[in-house]
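Here are my notes for you on this structure. Please read them with the model open beside you.

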Amino acid sequence: MSLGSILVIDDEPLMRLSMVDALQAIGYEVRDASTGNEGLDKVRKGRFDVVITDLRLPGADGLEIVQTCKKHHPSTEVILITAHGSVDTAVQAMKHGAYDYITKPFSMEELLLIVERVSKVVVLQKENRELREELEQKFSFGGIIGKNRRMQEVLEKVKIVSSTDATVLVYGESGTGKELIANAIHRNSPRSQHALIKVSCAALPETLLEAELFGHEKGAFTGALKQRRGRFELAHQGTLFLDEIGEISPLVQIKLLRVLQERQFERVGGNETIEVDVRVVCATQKNLKREVEQGRFREDLYYRLNVVPVQIPPMRERKEDVFVIAEHLLQRLAMRNQQEPKQFSRQAKEVLMRYSFPGNVRELENTVERAVALAQNADEVQAWDLCGQSHCSYRSGGEPQAGCGFCEELQPGKKSQRGNGETLAVARERFERVHIIDILNQTGWSKTMAAKVLGLSRKSLWEKCKRYDISSVDEPEEGQTL
Ligand SMILES: Nc1ncnc2c1ncn2[C@@H]1O[C@H](COP(=O)(O)OP(=O)(O)OP(=O)(O)O)[C@@H](O)[C@H]1O
Ligand SMILES: [Mg+2]
């Protein structure tokens with residue numbers, strides 16, 4: 001098998017042929033060119049992994065070769081051969097994207113070493129690209145990765161809804177990717193050339209939130225020294241992302257309802273009616289339906305917002321995604337550090353699969369990032385790198401560290417969650433919960449099928465899901481799914 005394809009451009013026949021021979025001898029597929037113009041022609045037509053070119057050539061020079069290469073095939077890497085004294089030009093060429101340079105006179109061993117190093121980078125980049133593309137095609141949309149059946153449905157829904165103007169309400173625990181979904185919807189919508197404006201509704205007290213959303217006139221309240229446009233105005237023709245929508249007060253709820261119905265509002269302290277064209281995407285960690293039932297959220301507003309509900313399952317209910325996302329992060333970190341991606345050790349994989357990730361994808365991201373930093377130059381990320389404590393019990397085989405979620409949750413038979421002092425009833429519940437989630441995963445979250453497999457009525461399955469806080473109980477409203 002060829003190690004890769006190389007083009008050698010040099011006008012000195014002896015030099016050129018020795019390079020060609022040496023490279024062919026160790027398994028590269030080599031072509032050559034004896035003038036700059038012939039080189040340019042071959043660069044344009046062919047696709048080489050590496051181009052080795054003399055800087056000074058008859059016709060086009062090495063600098064032009066670099067520029068053409070980078071323009072036509074950005075993934076091809078170029079090595080320049082320079083004469084003593086032309087190092088400045090070589091440095092300039094590197095600024096244009098050449099990978100490295102070698103100064104004459106050099107031995108074939110020196111050249112082969114550089115070529116080997118560059119080829120490794122090229123292969124790595126190729127693998128990364130292929131992996132990324134595969135991931136993009138199969139399990140991802142707009143940076144949202146999801147192999148799990150329910151996540152695939154989420155991605156499909158997000159894809160479809162992006163091209164419309166429908167209001168989307170994203171449900172999910174903290175760190176599940178609600179904002180990521182809002183970003184994807186906007187970026188893939190016809191409004192992508194306009195602004196995506198984000199407001200965290202929980203961060204501000206009522207009056208400030210009102211002014212933030214709708215703007216205010218000069219003198220509307222103490223401190224309102226000049227007129228200010230609100231987020232709805234700023235998002236005109238674009239998208240407004242209202243995060244933590246479950247937190248807004250009754251007064252803001254009324255104003256919001258009116259904008260959604262009539263696309264009009266007045267600034268705080270103003271009379272002028274302002275019309276806007278805004279697409280709204282909201283997110284909440286709360287069960288908004290329950291908020292309505294308990295009188296904390298207006299029902300009419302709920303229906304205006306819940307046009308397309310998107311429910312993101314928590315990490316612990318889509319174990320298959322843990323690994324896909326973790327692998328993706330390893331690749332991304334390797335690219336950033338220009339290193340070969342690390343692997344997870346077998347025990348580290350086990351830990352990743354068993355841990356519940358209460359902080360969801362955000363916690364997974366932080367965990368992997370920290371682990372890669374701790375693993376330093378090692379090829380493998382170990383279980384104790386994931387935990388991050390210097391005296392991790394995985395390393396020592398001892399007791400779990402106090403305060404370390406990973407060790408406490410995962411060490412078999414440890415006090416915190418299982419074993420000592422746990423009644424049979426508690427152990428049974430713990431098992432039931434995990435088992436129900438497993439079966440739901442296997443049946444693609446069809447509750448009818450899962451109930452059949454589990455030997456339960458649909459109603460008792462629903463009750464158990466509710467009791468164990470398994471998120472699928474929040475079925476979208478009838479007739480409201482897209
Ligand atoms: N499916 C996913 N694929 C890849 N990355 C993800 C996915 N979901 C979330 N992330 C990443 O996890 C992090 C948290 O996501 P995000 O901020 O969107 O969560 P959130 O639900 O808005 O959290 P919070 O409720 O705490 O605001 C981000 O860095 C995001 O890129
Ligand atoms: Mg968020």
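Helices (H or I, at least four residues) and strands (E, at least two) are DSSP runs, numbered from the N terminus.

1. **Ground rules.** This is a predicted model, in which local features need pLDDT of at least 70, side-chain atom pairs count only at pLDDT 80 or more, and totals for chains, interfaces and linings use all residues. Residues are numbered from 1 along each chain as its sequence is written, chains are lettered from A and ligands numbered from 1 in the order in which they are written, and side-chain values use heavy atoms, with hydrogens and water left out.

2. **A cis peptide bond.** Look at the loop between strand E5 (100-103) and helix H5 (108-139), where Pro-105 lies. The bond that joins Lys-104 and Pro-105 is cis. Its omega is about -5°.

3. **Positive phi values.** Glu-244 is not a glycine, yet its phi is positive, near 55°. This residue sits in the loop between strand E10 (239-243) and helix H10 (250-262). Gln-376 also has a positive phi, near 45°. Find Gln-376 in the loop between helix H15 (360-375) and strand E16 (380-381).

4. **Buried or exposed.** Buried means under 20% relative accessible area, exposed over 50%, and partly exposed in between (1.4 Å probe, protein chains only). Glu-244 has 25% relative accessibility, so it counts as partly exposed. Gln-376 reaches 56%, so it counts as exposed. Asp-49 has 18%, so it counts as buried.

5. **Around Asp-49.** Asp-49 lies in the loop between helix H2 (36-45) and strand E3 (50-54). Leaving out residues up to four places away in sequence, its contacts (heavy atoms within 4.5 Å) include Gly-4, Ser-75, Val-122 and Lys-126.

6. **The shell around ligand 1.**

7. **Polar contacts of ligand 1.** For a ligand, a polar contact is a pair of N or O atoms within 3.5 Å. Oxygen atoms of ligand 1 lie 2.7 Å from a polar side-chain atom of Ser-174, 2.8 Å from a side-chain N or O atom of Glu-365, and 2.9 Å from one of Arg-362.

Technical notes: Polar contact = N/O pair within 3.5 Å; in protein donor to acceptor, adjacent residues only side chain to side chain.
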